[in-house]
Amino acid sequence: MTNISVQYIPVTVLDVDEALVFYRDALGLEVVSDVAHGGFRWVSLAISGQPGLNLVLSAPGAGRSEQDAAALAELVAKGALGGLVLSVNDLDSVFQTISASGAEVLQEPIEQPWGPRDCAFRDPSGNMIRINQSA
């Protein structure tokens, strides 16, 4: 069987610069590349502990028609896309850092009935970010 791994996780954001402050400064991800092409920009961020896996921030119009970009921007602004689930070894510390950044808190750290202790935020564009305490 062929080994398959995830390399990029696309995250559509309304403002790449604003999102970059959240993902880089509040979540602590490292910028791997910042590429502009055709009036759009893609920023890849490394996830520590998972070499080769990157979140890629881009605006709704990057590589899409105007109609698709408008529809996607509306969904992002509503927070209607799937969001991300991340795992950290010190949930309380990460929660404090992200809270101090001014991010919208959706849920403070709690023990979930289905198992994990987690919290949730919205990034500046409205995407939900859920963070689990790793075992």
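Predicted model: local features only at pLDDT ≥ 70, side-chain atom pairs only at ≥ 80, totals over all residues.
1. Two elements, strand S5 (84-88) and helix H3 (91-100), each give two or more residues to the lining of the largest pocket, and S5 gives the most, with three residues. Helices (H or I, at least four residues) and strands (E, at least two) are DSSP runs numbered from the N terminus. By class, the lining of the largest pocket has nine nonpolar, six polar and one charged residues, with Ala, Val, Leu, Ile, Met, Phe, Trp, Tyr, Cys and Pro counted as nonpolar, Asp, Glu, Lys and Arg as charged, and the others, Gly among them, as polar.

2. The second largest pocket has a volume of about 170 Å³, and of its 14 lining residues the closest to the centre are Phe22, Ser101, Gly102, Ala103 and Pro124. Helix H1 (residues 16-26) provides the largest share of this lining, five residues, and by class the lining has five nonpolar, four polar and five charged residues.

3. Four strands form an open, mixed sheet in the order S5-S8-S7-S6, two strands being paired if DSSP finds at least two bridges between them. S5 and strand S6 (104-111) are the edge strands, each pairing on one side only. Strand S7 (residues 117-122) and strand S8 (residues 128-133) pair in the antiparallel sense over five bridges, and Asp118 has Asn132 in S8 as its bridge partner.

4. H3 packs on the sheet and touches S5, S6, S7 and S8, its direction making about 15° with that of S7; contact means heavy atoms within 4.5 Å, while axes are lines fitted to C-alpha atoms, for helices over the stretch in contact, and angles run from 0 to 180 degrees between N-to-C directions.

5. The structure holds seven salt bridges, each a side-chain nitrogen of Lys or Arg within 4 Å of a carboxyl oxygen of Asp or Glu. One of them joins the side chains of Asp17 and Arg41 (2.4 Å, N to O); Asp17 lies in helix H1 and Arg41 in strand S3 (residues 40-46), so the pair ties together parts that are 24 residues apart in sequence.

6. Residues are numbered from 1 along each chain as its sequence is written, and side-chain values use heavy atoms, with hydrogens and water left out. Local features need pLDDT of at least 70 and side-chain atom pairs count only at pLDDT 80 or more, whereas totals for chains, interfaces and linings use all residues.

Key: 1 Å grid on protein atoms, 1.4 Å probe; cavity = no way out; pocket = protein on both sides within 12 Å on 5 of 7 lines; lining within 4 Å. Points joined across faces, edges and corners; volume = space filled by probe spheres on them.
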